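My entries follow the order in which I checked things.

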Amino acid sequence: MAAVVLAAEGLTALALGGYVGVETALGAAHDVMSSVVVAAFGICVGLGLGWVAWGLRGAQRWSRGPAVVTQIFALPLAVTLIQSAQYAWGVPLVAAAAIALVTLLAPQSTKALMGD
């Protein structure tokens, strides 16, 4: 389940980064340099999350750490979004991070990813 959540988060980041990149290319950006950086960051985060999701899917030991850290960073971001009345983004992010953390830290996941 955690692999699915991370893949969904990765696809969302990739899509948002791509959207900012397209809007920047079409001339809709107020600050081109910042928009290029945001687009590149979104695309890199999306690809990184996809890579970690792939590692979780294959029960690769290395994938658990980045997956947990990502979700720990996602929670304050989600709370900030909710406090800014961005409920459509914040609430699903809280739910996704909570689901991912619970599944990543479950005893079955720990055994599968970390061994005995």
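These notes cover helix packing and then pockets, all in a predicted model.

**Helix packing**

I began with helix α1 (residues 2-25) and helix α2 (residues 32-57). Their axes lie 7 Å apart, at an angle of about 160°. Angles over 145 degrees count as roughly antiparallel, so α1 and α2 are roughly antiparallel to each other. I noted a left-handed crossing where α1 passes α2. The contact of α1 with α2 comprises 18 nonpolar, 8 polar and 2 charged residues.

I then turned to α1 and helix α4 (residues 87-105), which pack at about 145° with axes 8 Å apart. α1 passes α4 in a left-handed crossing as well. On the α1 side I listed A2, V5, L6, E9, T12 and L16; they meet W89, L93, A96, A97, I99, A100, T103 and L104 in α4. By class I count 11 nonpolar, 2 polar and 1 charged residues in this contact.

**Pockets**

For the largest pocket I recorded a volume of about 780 Å³. Its lining has 23 residues, with E9, A13, L16, L77 and L93 nearest the centre. α1, α2, α3 (64-83) and α4 each supply at least two lining residues, and α1 gives the most, with 7. The lining divides into 17 nonpolar, 5 polar and 1 charged residues.

The second largest pocket holds about 170 Å³ of space. Among its lining residues I noted M1, R57, T103, S109 and L113. Here α1, α2, α4 and α5 (107-114) each supply at least two residues.

Key:
Residues are numbered from 1 along each chain as its sequence is written. This is a predicted model: local features need pLDDT of at least 70, side-chain atom pairs count only at pLDDT 80 or more; totals for chains, interfaces and linings use all residues. Side-chain values use heavy atoms; hydrogens and water are left out. Axes are lines fitted to C-alpha atoms, for helices over the stretch in contact, and angles run from 0 to 180 degrees between N-to-C directions. Helices (H or I, at least four residues) and strands (E, at least two) are DSSP runs, numbered from the N terminus. Angles under 35 degrees count as roughly parallel, over 145 as roughly antiparallel, 65 to 115 as roughly perpendicular and the rest as oblique. A crossing is left-handed if the near helix is turned anticlockwise from the far one by less than a right angle, and right-handed if clockwise. Ala, Val, Leu, Ile, Met, Phe, Trp, Tyr, Cys and Pro count as nonpolar, Asp, Glu, Lys and Arg as charged, and the others, Gly among them, as polar. Contact means heavy atoms within 4.5 Å. On a 1 Å grid over the protein atoms alone, a cavity is a set of points where a 1.4 Å probe fits but cannot get out, and a pocket is an open set with protein on both sides within 12 Å along at least five of seven lines; lining residues have an atom within 4 Å of a point. Grid points are joined across faces, edges and corners, and a volume is the space filled by probe spheres set on the points.
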